[in-house]
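Please look over the notes below alongside the sequence and the 3D view.

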Amino acid sequence: MLTGKVALVTGAARGIGKAIALKLASQGAVVIVNYAGSKEKAEAVVAQIREASGEAVAMQCDVSDYSACEALSKAVLEQFGRLDILVNNAGITRDGLLMRMSEADYDAVLDTNLKGAFNMIRHFSRSFLKQRSGRIINISSVSGVMGNAGQANYSASKAGLIGLTKSVARELAGRGVCVNAVAPGFIATDMTEAMAESAKEGLEKLIPFGHMGKPEDVAEAVAFLAGDASAYITGQVICVDGGMAI
Ligand code: NAP
């Protein structure tokens, strides 16, 4: 159980982030539901948590904006006095073959997916160090583990998150902070809904289990890494992918 813990989940208004927020709240954590543009959806997640007798607030922040992340960290620490669990889930895709990929599409994906996680970790690291405890969980992807044609920017950002995870894990281990990554495979959300049917069918053939995963499958792994049962695990990547990256 996560009773008494304060958790921040970035990009938690929908998809995998929403499932993570609901799961952590169901285990007793107070959850900060971060969103970039989906204000109403974030408020609906907060309402759902409160209806189940949980505690949650919605807070807006574009994770790619360094100063905005600093402001968010100050607001969280002022309101709650601490942060125990940081889940860097916010992410975007701007797919395309390398030969046609624009600089803007490369930068946007790196800025949100990789720099966004750095921004949040950077601004909360002092409070994690002072507390001498905490969990940082970065949502990577099998694309970061295996690479994926048409996703050079996305795969680079997600592989970068694994390097960030391992380095920060080494830096914070002495202060009792565990830093791990979860690498989802092909999960049914708005992100994958946007793909062409033929691309989806092709991807499903690469999954040993033969079907897509659910956001809740990812949330279970995150809850494990957020809880006491994973206290001796740091710097690791758990693939939640139906065997895709075997
Ligand atoms: P999604 O349904 O498209 O949701 C993306 C979330 O990220 C939204 O809540 C969005 O917030 C948020 N976000 C985007 N840019 C942001 C920014 N600059 N600042 C703050 N929040 C931002 O995607 P998903 O499938 O749930 O993916 C969640 C994470 O899992 C991503 O990191 C993704 O790369 C990773 N992942 C997904 C899959 C998959 O198959 N679905 C596989 C591997 C990894 P707003 O709605 O407020 O804009």
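How much space lies in the largest pocket?

1. About 1000 Å³ of space lies in the largest pocket, where a pocket is an open set of points, on a 1 Å grid over the protein atoms alone, at which a 1.4 Å probe fits and which has protein on both sides within 12 Å along at least five of seven lines. The volume is the space filled by probe spheres set on the points, with grid points joined across faces, edges and corners. Of the 49 lining residues, G91, I92, T93, Y154 and M191 are the closest to the pocket's centre, a lining residue being one with an atom within 4 Å of a point.

2. This is a predicted model, in which local features need pLDDT of at least 70 and side-chain atom pairs count only at pLDDT 80 or more, while totals for chains, interfaces and linings use all residues. Residues are numbered from 1 along each chain as its sequence is written, and side-chain values use heavy atoms, with hydrogens and water left out.

3. The ligand sits in the largest pocket, in the sense that more than half of its atoms lie within 2 Å of the pocket's grid points. Around the ligand there are 30 residues, of which R14, S38, N89, Y154 and T189 come nearest; a residue is counted if one of its heavy atoms lies within 4 Å.

4. Among the polar contacts (pairs of N or O atoms within 3.5 Å), a side-chain N or O atom of Y154 lies 2.5 Å from an oxygen atom of the ligand, and a polar side-chain atom of T189 is 2.5 Å from a ligand oxygen. The backbone also takes part, with an N or O atom of I16 lying 2.8 Å from an oxygen atom of the ligand. The protein covers 93% of the 900 Å² of accessible area that the ligand has on its own, by the Shrake-Rupley method with a 1.4 Å probe.

5. In the shell around the ligand, α1 (15–26), β2 (30–35), α6 (152–172) and α7 (190–193) each supply at least two residues, and α7 has the largest share, with three. Helices (H or I, at least four residues) and strands (E, at least two) are DSSP runs numbered from the N terminus.

6. The second largest pocket has a volume of about 180 Å³, and its lining includes E70, K74, R122 and H123. Two or more lining residues come from each of α3 (66–80) and α4 (103–131), and α4 gives the most, with five residues.

Terms used
A polar contact is a pair of N or O atoms within 3.5 Å; within protein, one must be able to donate a hydrogen and the other to accept it, and residues adjacent in sequence count only if both atoms are side-chain atoms.
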